[in-house]
Structures are given as C-alpha cells and as structure tokens.
Amino acid sequence: MDHYSKSLRDISSSSSPYDCLLFDLDDTLYSSTIGIAAACKRNIEDFLVEKCGFAKDKASSLRIELFRTYGSTLAGLRALGYNIEADDYHSFVHGRLPYEVIKADIQLRNILRSINQRKLIFTNSDRKHAIKVLERLGLQDCFDQIICFETINPNLSKSSRLNEFPVVLKPSMDAMRIALTVADVDPRRTLFLDDNDRNIAAGKAMGLQTALVGKPFKSKGADYALENIHILNQAIPEIWFGGADVGDHKLIRTRGEINSIIAAAPPVGA
C-alpha cells in the first residue's frame with residue numbers, strides 16, 4: 001500500500017452512512033460545458049434526419065419532445081414504431097463525438113481513490129461510450145462496476161417485435177429498480193449522484209440518498225447540491241466520516257485532513 005492510500009485509510013472511519021456511491025457519467029464526472037452534450041444533441045438530430053427521414057427544421061423540436069415523453073430519442077422512436085437497433089443508434093450518436101475534449105482529471109481521480117466504499121457508474125449511455133469517457137478522464141480503474149444501457153435493457157436485442165421489450169432508462173422506476181438489483185445495494189445506505197433533476201427525484205423515490213451535481217441549489221428530492229464534482233469532499237464529508245457520530249469540531253478537522261491529502265497526492269498512473 002502506498003503512502004497516499006495508507007494516509008487515507010488512517011483517517012477513515014467506519015461511521016460513514018454510505019456503503020456505496022452510484023455516479024452518473026455524462027455531465028456529472030465532467031463539465032457539461034466542454035461540448036460533449038451539445039455534440040450529442042447535434043448527432044441525434046442528424047440521426048433523425050439521415051436515418052429516419054424527418055425534416056431538418058423539425059429535428060430539434062422532435063428530439064426534445066421524444067426525450068420529455070420517452071426518456072430518450074431511441075426509446076421514443078421505437079415506441080413510435082421505428083425499427084431502430086440500439087447498437088446502430090449508439091454508434092451514430094456516440095461514434096462521432098469529439099472525445100478529445102475530455103481531459104484526464106487527476107483531482108477527481110484522487111478524490112475517488114480516497115473513497116473506500118464501492119463506487120459504481122449508472123448511465124443511460126451504452127457501455128462503449130462509458131468506457132471511452134472513463135478512459136479519457138483517467139478513471140477507468142476507479143469504479144467497481146458499470147451499469148449502463150445494456151445492463152438495464154438486457155433483452156432488447158432478443159426481441160422479436162418492437163414493443164416486446166420497451167427501452168427503459170433513467171428516470172423510469174423500472175430502470176432504477178433494475179440498477180439497484182444489479183448493484184445489490186441497500187438504497188438507504190447508497191448515495192446517488194446525477195446532474196438531472198428528474199433522475200434525482202426518481203432516485204429519492206427509490207429510497208436513495210441523492211446529490212444533484214452541476215447546480216448550486218437542491219432540486220426536489222436532492223439531499224445535497226454540488227456546483228461541480230470536484231467539491232465532493234467539501235460538500236459531503238459524510239462519505240468519509242459519519243456526521244451523526246462525530247462532533248462539529250472533529251468534522252471540520254477531518255475535512256481539512258481529507259482536503260490536504262487529496263491536494264498533496266501525486267499524480268497516479270491509470
């Protein structure tokens with residue numbers, strides 16, 4: 001064990017209220033401002049025009065309507081009777097993203113390495129995209145499991161008709177239940193971090209503790225709000241130390257210890 005890991009374990013406490021942290025991926029582990037989200041929307045609109053034959057001037061409004069009604073454009077198209085294969089859709093929408101704008105994040109890597117609890121990814125995206133994003137961020141070995149589109153839609157490729165297995169995604173309760181079953185966690189002792197208000201509300205309805213990322217104020221159902229993922233250790237020190245079991249003075253001191261160790265930690269290889 002290196003000095004960094006040993007130092008973190010030396011100040012860790014078993015009093016944390018969380019056994020597991022469930023992280024969304026896109027716009028949560030990296031900023032929504034870098035251009036990936038905008039490029040993804042453009043690609044979806046191009047898919048609607050090039051693959052489905054919709055008018056170009058209708059693509060944007062249709063994408064928004066399908067997302068609001070069905071949770072995703074893919075789910076909406078299939079529900080409307082379009083025989084769209086998930087792999088083809090994801091290859092088109094994610095395959096031409098400018099992944100080069102995602103840079104390795106040493107600070108976030110150090111924060112994640114300081115957390116001893118299980119850490120899982122829970123994303124609506126497909127597995128190829130999730131792996132590529134984590135690799136670009138330098139976080140591919142920081143998570144115990146990836147729960148993704150294929151995980152929560154395991155039978156989609158086996159369907160013999162379009163409506164046999166409807167696409168399920170966050171924030172649907174079905175998607176949340178599948179994810180929690182696969183993760184095998186106690187929702188009451190699991191912290192769910194996501195940038196989407198609707199996903200956060202769904203997580204709270206499932207009994208999860210919740211943190212809204214990328215917003216300065218809590219939405220309905222959010223127990224915490226973080227303007228960005230890099231202030232995780234300041235915003236939710238309970239991950240490392242249980243707030244109910246330590247006094248205010250001790251909590252402030254240990255928060256400072258955590259910050260010092262994360263800041264001083266040398267860059268680590270993937």
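## Salt bridges and a bent helix

Me: Starting with Asp 174, is that residue buried, partly exposed or exposed?
Reply: In this model, which is predicted, Asp 174 counts as partly exposed because its relative accessibility is 43%.

Me: Which residue forms a salt bridge with Asp 174?
Reply: Asp 174 pairs with Arg 177, and the closest N and O atoms of the two are 2.9 Å apart. Both residues belong to helix α9, where they sit 3 residues apart, about one turn of the helix. Arg 177 is partly exposed, with a relative accessible area of 41%.

Me: How many salt bridges does the whole structure have?
Reply: The search of the whole structure finds 9 salt bridges. One of them joins Asp 19 to Arg 189, with the closest N and O atoms 2.6 Å apart.

Me: Why does that pair tie together separate parts of the sequence?
Reply: Asp 19 is in the loop between α1 (3-11) and β1 (20-23), while Arg 189 is in the loop between α9 (173-183) and β4 (190-194), so the pair links parts that are 170 residues apart in sequence. Asp 19 counts as partly exposed at 41% relative accessibility, and Arg 189 counts as partly exposed at 29%.

Me: And what does Asp 24 pair with?
Reply: Asp 24 forms a salt bridge with Lys 170, the closest N and O atoms being 2.9 Å apart. Asp 24 lies in the loop between β1 and α2 and Lys 170 in the loop between α8 (149-152) and α9, so this bridge ties together parts 146 residues apart in sequence. Both Asp 24 and Lys 170 are buried.

Me: Changing topic, where does helix α3 bend?
Reply: The bend in α3 is at Leu 62 and comes to about 25°. The helix covers residues 56-70, which is 15 residues, and it reaches 21 Å from its first C-alpha to its last, close to the 21 Å expected at 1.5 Å a residue.

Me: Which residues of α3 are buried, and what do they pack against?
Reply: The buried residues are Ala 59, Leu 62, Arg 63 and Leu 66, and the buried residues of α3 pack against α2 (36-50) and α4 (73-79). After α3 comes Gly 71, whose phi is positive, near 95°.

Me: Stepping back, how many helices and strands are in the protein chain?
Reply: The protein chain has 12 helices and 6 strands, and buried residues make up 48% of its 270 residues. Among contacts between residues at least 6 apart in sequence, 64% join residues at least 24 apart.

Methods
Residues numbered from 1 in each chain as written. Predicted model: local features only at pLDDT ≥ 70, side-chain atom pairs only at ≥ 80, totals over all residues. Heavy atoms only, no water. Helix = DSSP H or I, 4+ residues; strand = E, 2+ residues; numbered from the N terminus. Buried < 20%, exposed > 50% of the residue type's maximum accessible area, 1.4 Å probe, protein only. Contact = heavy atoms within 4.5 Å. Expected span 1.5 Å × (residues − 1). Bend = angle between axes of the 7 residues up to and from the residue. Salt bridge = Lys/Arg side-chain N within 4 Å of Asp/Glu carboxyl O.
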